[in-house]
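Biologist: Before I read anything into this structure, I want to know what the words used for it stand for. Please go through them one at a time.

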Amino acid sequence: MKKQKVKIWITVLLCMTVLIVATGLGSVSIETSNILGIFAHKLLGIDLPNNLSSNIVSIFWTIRLPRTIAAFLVGSALAVTGTVMQSVLRNPLASSYTLGVSSGASLGVALMVIFGMTIPFLGRFSLPMVGFVFGLGTVLLAISMAMQLDKSLENQTIILIGMVLSLFVSSLLTILIVLSKEHMEQIIFWQMGSFSAIKWSHVFVLLSIIFPGILFLMYFTQELDIMTFGEEQAISVGIDMRRMKIVLISASALLTGTAVAFVGIIGFIDLIAPHVVRKIYGASHRIVVPMSALFGGAFMTIADLVSRTIISPSELPIGAVTTLIGAPFFAYVYFNRRSVTKKNA
Amino acid sequence: MLKLENVSAGYNGMDVIHDISFDLSEGQSLCILGPNSCGKTTLLRAIAKLIPSMGVLELDSQSIHDMRRKDIAKRIAVMSQISRVNFPYSVYDTIMMGRYQHIKKSMFKKASEKDYAIVEQCMEEVELTSIKDQMIDCLSGGQLQRVFLAHTLVQEPRLILLDEPTNHLDMKHQVGLVKYLKEWSQKDGHQVIGVFHDINLAMQLSDNLMFMKEGHVKGIGHSDDLITSDFLKDIYDIDIVAYMVESYKRWEKFSK
Amino acid sequence: MMKYLNKILIVAMFLFTLTACSTQESEPIQSQANQPQQSLPTVDRAGNPVEIPKDAQRVISFAPSITQVIDEIGLRDKLVAVDSQSPNYVKGVDELPQFDMMTPDLEALAALEPDIMFVSGMSSAKGDNPFQQLIDMDVCVVTIPSSTSIEGVKEDNQFIADSLGQHEKGIQINKDMQERMDAIAAIGSTIEEQKTVMFEIAALPTIYSFGQETFLHEMIELIGAKNVFEDQAGWISVNEEAAIAANPDIILTSVNYIEDSVGEILAREGWENMKAIQNQEVYYIDNGKSSLSNHHIVEALEEMAKKVYPEEYAELK
């Protein structure tokens with residue numbers, strides 16, 4: 001247990017370092033002392049250091065900080081939902097994306113873009129809202145269809161229906177795009193995912209959904225542990241598997257849907273975060289879930305940093321960055337530890 | 001009191017067991033025997049409501065069909081075959097998971113003093129206290145079996161359903177497990193229903209036997225009353241009695 | 001023996017047809033004014049060899065920039081079809097059949113029997129030439145890619161004029177262009193304290209600007225200013241942070257698909273502390289004149305000059 005505690009503290013410290021570094025780097029470098037100065041100014045009213053131009057303060061406070069926080073939030077949400085979905089569906093490839101969040105949200109966004117609508121009182125939140133509703137809606141549709149077909153809601157059924165529905169929705173999207181080519185670029189850009197448009201107002205919405213969402217999922221860590229041993233065992237111990245699946249999958253879809261709605265589709269993190277975290281921390285969800293949140297958050301923050309600095313002034317699509325960095329990292333952690341455990345066996 | 005009347009159940013719309021009826025009074029245990037695919041496991045699953053079924057299924061005069069999952073879990077525990085696990089939970093944590101029903105009542109799902117006490121007591125009884133912090137993916141088959149036994153016991157059930165839990169174990173652990181369960185079943189109104197392949201081992205648990213074939217009950221009662229050469233030949237398509245007698249003669253020689 | 005004869009006949013006919021379309025002979029062109037003999041171009045602006053017919057009567061233009069030049073030359077009446085955008089830029093062509101730039105209906109195009117068809121590189125964004133079928137049918141397809149320099153623009157103008165037998169007109173157009181550009185350059189080169197300019201051609205969520213190797217970049221330099229992205233090349237997307245950090249003195253935008261593109265820029269969150277925003281030095285430059293690569297860019301140039309250095313260019317007409 002002591003070892004675990006040490007590991008946890010290291011992770012927390014790493015996260016904080018990542019956040020500081022990420023907000024300090026970009027098209028302009030901002031030293032840590034200046035960062036603290038800006039915080040002091042904004043939160044406590046202390047005067048800014050002399051040599052700090054207000055333009056740079058703008059960059060830091062209005063552009064970079066919200067963006068970095070959003071990246072951390074989205075990263076943690078995706079990592080946590082990945083962990084939960086993999087445990088619920090007992091499938092290492094399971095994620096909310098495979099059940100239709102991404103294709104649903106894309107379809108919603110495409111409809112908005114093509115028909116140029118905005119919802120009156122939502123203003124600039126119309127697009128995220130629609131994306132979210134469609135994304136969550138697709139998953140809920142998948143679950144209800146699965147429930148019709150299979151009373152006991154077997155994992156296989158859920159996964160299959162999810163995939164079929166997801167692909168179907170994707171094809172609808174393709175047809176839409178082909179019929180209105182002038183919007184193709186905008187829709188595809190949205191799909192590629194980006195944190196470039198994030199402002200504080202977005203961050204507040206993200207925070208108000210993701211933070212409680214993650215806490216909610218953490219309430220079920222015991223159930224998640226028990227579910228690892230199989231459905232029959234879980235049922236026998238008294239878990240209502242059907243209800244649990246519906247609750248957990250819906251909650252995950254809610255989190256993922258929110259993330260996707262604001263920043264597009266950023267993959268890979270929900271897939272690998274659980275594996276990496278389990279390799280380091282073991283299986284107990286009480287630790288794995290929060291650590292996934294930290295790991296996913298830090299990872300996404302780093303990915304966003306890379307995406308906005310490496311070909312400045314342009315940006316790399318963040319989905320590409322997460323996979324480019326993630327794949328070798330995953331390989332290293334996964335196979336390295338594997339050989340370690342083999343040696344010990 | 002467990003009561004079954006005309007119970008049928010199956011998978012994908014096809015019934016595997018038909019018209020099963022029997023009663024089990026308090027403190028009474030039962031062994032379910034029969035050849036492969038005779039429906040033993042299906043029956044067990046039906047009783048635990050792991051699969052839906054038709055017919056009367058009552059526990060203490062309450063219909064199991066109508067019971068909520070948590071009410072069932074408070075009284076019935078299922079112990080199936082688990083040969084290997086790949087995930088590193090500790091022995092202690094795994095056993096504690098059996099207390100789920102009792103733990104989740106509290107606000108933050110924290111274990112209470114009673115939970116800790118019961119877990120430790122059961123760990124003692126199955127002699128696992130010395131390895132309580134070891135990871136279960138590194139245990140031997142016998143140790144793992146005891147972990148899941150403890151996990152089942154801490155649930156504090158009245159009825160334990162065993163699904164051939166000894167198949168992969170060596171003799172010592174097979175016999176040990178069954179002996180332990182027999183002792184357990186003889187106090188506090190506990191009951192065990194075990195599905196077995198090995199008739200000898202079954203009889204270690206209880207003399208109350210039920211034989212099934214092709215989804216039907218072929219006979220139920222005390223071993224003395226039930227077992228005859230023809231009866232078993234009908235069930236297993238092989239003269240078990242003769243085989244056993246022959247084996248006995250051979251073994252008798254070894255004891256001299 | 002007969003088979004042999006047939007083959008020779010076919011080849012002979014083929015060769016004959018080719019020479020009919022050939023550019024070798026220089027017959028007098030039966031067009032409006034007296035034009036000195038000028039040989040038709042043999043290679044188009046994309047480097048493809050072409051056989052341009054003399055005295056083309058039926059012309060198709062597949063890009064508004066080209067349509068404008070044809071109009072300027074005075075040969076608008078020879079157009080038999082245009083792309084769907086051209087009517088927005090040239091008056092008097094809206095009655096003509098229009099075709100979508102990205103997915104042209106090749107059969108209908110061929111049915112119009114054009115003598116020459118001008119296309120811009122844009123239509124072949126897919127990689128393969130969408131007009132290949134027409135080329136195979138012996139339609140004269142001439143490609144004029146969007147130029148990356150002002151000199152290139154002038155050459156494009158001349159090329160179009162030459163292809164239609166209006167060499168002199170082409171020279172005239174370019175001469176006018178050059179005169180006006182020189183007038184600006186004369187003033188521009190005297191400016192000592194150069195202002196920095198950021199020129200947006202697309203607004204949020206993805207801002208687009210440009211670096212070297214674009215005629216817009218040359219134009220910025222011509223008026224005596226500095227492009228903040230002069231270290232880049234071609235068309236680039238710019239993330240907000242980079243734009244704010246660049247902190248240009250002036251922001252120009254040619255975005256016309258938003259109602260108030262200037263207002264949108266002034267209202268951007270996080271941009272408040274930039275020089276250009278605080279001094280309200282954000283201006284709109286006509287989209288049509290700054291994005292189509294033909295002689296009209298000089299009008300955009302004059303607009304830019306006056307907006308960036310109003311005092312220095314106050315006397316410019």
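Modeller: Two residues are in contact if their C-beta atoms, placed from the backbone, lie within 7 Å. By that rule, 7 residues of domain 1 of chain C are in contact with 6 residues of domain 2 of chain C. This is a predicted model: local features need pLDDT of at least 70, side-chain atom pairs count only at pLDDT 80 or more, and totals for chains, interfaces and linings use all residues. Residues are numbered from 1 along each chain as its sequence is written, while chains are lettered from A and ligands numbered from 1 in the order in which they are written.

Biologist: How do you know where the domains of chain C are?

Modeller: Domain bounds come from an automatic or database domain assignment. For chain C, that assignment gives domain 1 as 39-146 and domain 2 as 192-308. Their centres, taken over C-alpha atoms, are 31 Å apart.

Biologist: What makes up the side of domain 1 of chain C that touches domain 2 of chain C, by class?

Modeller: Ala, Val, Leu, Ile, Met, Phe, Trp, Tyr, Cys and Pro count as nonpolar, Asp, Glu, Lys and Arg as charged, and the others, Gly among them, as polar. On that basis this side of domain 1 of chain C has 3 nonpolar, 3 polar and 1 charged.

Biologist: Why are α4(A) and α6(A) called roughly parallel?

Modeller: Helices are DSSP runs (H or I, at least four residues), numbered from the N terminus. Axes are lines fitted to C-alpha atoms, for helices over the stretch in contact, and angles run from 0 to 180 degrees between N-to-C directions. The axes of α4 (101-115) and α6 (155-179) of chain A come within 8 Å and cross at roughly 20°. Angles under 35 degrees count as roughly parallel, so α4(A) is roughly parallel to α6(A).

Biologist: Which residues make the contact of α4(A) with α6(A)?

Modeller: Among them are L107(A) and I114(A) of α4(A), and V169(A) and L173(A) of α6(A). The contact divides into 8 nonpolar, 5 polar and no charged residues.

Biologist: How many residues of chain A are in contact with chain C?

Modeller: 20 residues of chain A are in contact with 20 residues of chain C. Helix α3 (54-89) of chain A gives the most to that side of chain A, with 7 residues. By class, the side has 6 nonpolar, 9 polar and 5 charged residues.

Biologist: And what of chain A with chain B?

Modeller: There, 14 residues of chain A are in contact with 20 residues of chain B. The largest share of that side of chain A, 4 residues, comes from α10(A).

Definitions and conventions. Helices (H or I, at least four residues) and strands (E, at least two) are DSSP runs, numbered from the N terminus. Angles under 35 degrees count as roughly parallel, over 145 as roughly antiparallel, 65 to 115 as roughly perpendicular and the rest as oblique.
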